[in-house]
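This report describes one predicted protein model.

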Amino acid sequence: MSTETMQFAKNSQHMAELTAASMFASDAATRGLDMQIVHVAEGTASLSMVIRPDMLNGHKTCHGGYLFTLADSAFAFACNSRNQVTVAAGCSIEFLSPGREDDVITATATEQSLTGRTGIYDARLTNQHGQLIALFRGKSHKLNAEVVPGLVLQENAIPN
């Protein structure tokens, strides 16, 4: 690949931000639920979402599938932060407290292990009061592709 087709990230934080912006632009599910990226960095991401009336179940609490989706999105942004396409190999969630209408739920996913092509990420879901709502664990698998084709860290660029 020539340097003309490469895009350069200044550092790992810039890489995470550029990758997140690209992913968010093409992630209809995350955008459709009005999720917002709160923070992204190498191996970690926080996303938030307001619980809308159409997200409530028959008990008038947030349907667990929406909480799982929020955690899964935070997991995706965390494990793709190095611009390497990474997918879920498995996920689980433990619901600890209900989310309620108008709650702002934030999922913060953090890398626990990254070895070869596999990783483990834990996410904590909290409401606007800091109350723990759920705990999520995702296992990732790295593919041989880039989220943003040609995006490299400036320090890793090969001179002409």
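## Strand pairing in the sheet

Strands β3 and β5 pair in the antiparallel sense over seven bridges; two strands count as paired if DSSP finds at least two bridges between them. Helices (H or I, at least four residues) and strands (E, at least two) are DSSP runs, numbered from the N terminus. Within this part of the sheet, alanine 45 stands opposite alanine 109 in β5. The model is predicted, so local features need pLDDT of at least 70 and side-chain atom pairs count only at pLDDT 80 or more, while totals for chains, interfaces and linings use all residues. Residues are numbered from 1 along each chain as its sequence is written, and side-chain values use heavy atoms, with hydrogens and water left out.

The β3 and β5 strands belong to an open sheet of six strands in the order β2-β3-β5-β6-β7-β4, with antiparallel pairing. Its edge strands, β2 (36-41) and β4 (84-95), each pair on one side only. From one strand to the next, the twist averages 20 degrees. Helix α3 packs on the sheet and touches β2, β3, β4, β5, β6 and β7, and its direction makes about 150 degrees with that of β3. Axes are lines fitted to C-alpha atoms, for helices over the stretch in contact, and angles run from 0 to 180 degrees between N-to-C directions.

## Two hairpins

Strands β5 and β6 pair in the antiparallel sense over nine bridges, with threonine 110 opposite aspartate 122 in β6. The two strands form a hairpin with two residues between them, and glycine 116 in the turn has a positive phi of about 60 degrees.

Strands β6 and β7 also pair in the antiparallel sense over nine bridges. Here tyrosine 121 stands opposite glycine 138 in β7. This hairpin has five residues between its strands, and glycine 130 in the turn has a positive phi of about 85 degrees.

## Serine 46 in strand β3

Serine 46 lies in β3 (residues 44-50). This serine is buried, with a relative accessible area of 8%; buried means under 20% relative accessible area, exposed over 50%, and partly exposed in between (1.4 Å probe, protein chains only). Apart from neighbours within four places in sequence, serine 46 is in contact with Gln36, Ile37, Val38, His39, Thr106, Ala107 and Thr108, where contact means heavy atoms within 4.5 Å.

The side chains of serine 46 and threonine 108 are joined by a polar contact of 2.8 Å. A polar contact is a pair of N or O atoms within 3.5 Å; within protein, one must be able to donate a hydrogen and the other to accept it, and residues adjacent in sequence count only if both atoms are side-chain atoms.

## Aromatic pairs

The structure holds three aromatic pairs. Rings of Phe, Tyr and Trp (its six-membered ring) pair if their centres lie within 6.5 Å; planes under 30 degrees apart count as stacked, over 60 as edge-to-face and the rest as tilted. The rings of phenylalanine 68 and phenylalanine 136 have centres 5.4 Å apart and planes at 65 degrees, so this pair is edge-to-face. Because phenylalanine 68 lies in helix α3 (residues 64-79) and phenylalanine 136 in strand β7 (residues 132-146), the pair ties together parts that are 68 residues apart in sequence. Phenylalanine 68 is partly exposed, at 27% relative accessible area, whereas phenylalanine 136 is buried, at 3%.

Phenylalanine 75 and phenylalanine 136 form a tilted pair, 5.8 Å centre to centre with 55 degrees between the planes. Phenylalanine 75 is buried, with a relative accessible area of 1%. Ring pairs link Phe68, Phe75, Tyr121 and Phe136 into a cluster.

## The nonpolar core

Of the 36 residues in the largest nonpolar core, Leu70 and Leu125 touch the most other members. A nonpolar core is a set of buried Ala, Val, Leu, Ile, Met, Phe, Trp, Tyr and Cys residues joined through side-chain atoms within 4.5 Å. At least two residues of this core come from each of α1 (12-26), β3, α3, β5 (104-115), β6 (118-126), β7 and β8 (151-153). Helix α3 gives the most, with eight residues.

## Loop residues with positive phi

Aspartate 34, in the loop between α2 (28-32) and β2, has a positive phi near 60 degrees. This residue is partly exposed, at 46% relative accessibility. Aspartate 102, in the loop between β4 and β5, has a positive phi of about 75 degrees although it is not a glycine. Aspartate 102 is exposed, with a relative accessible area of 55%.
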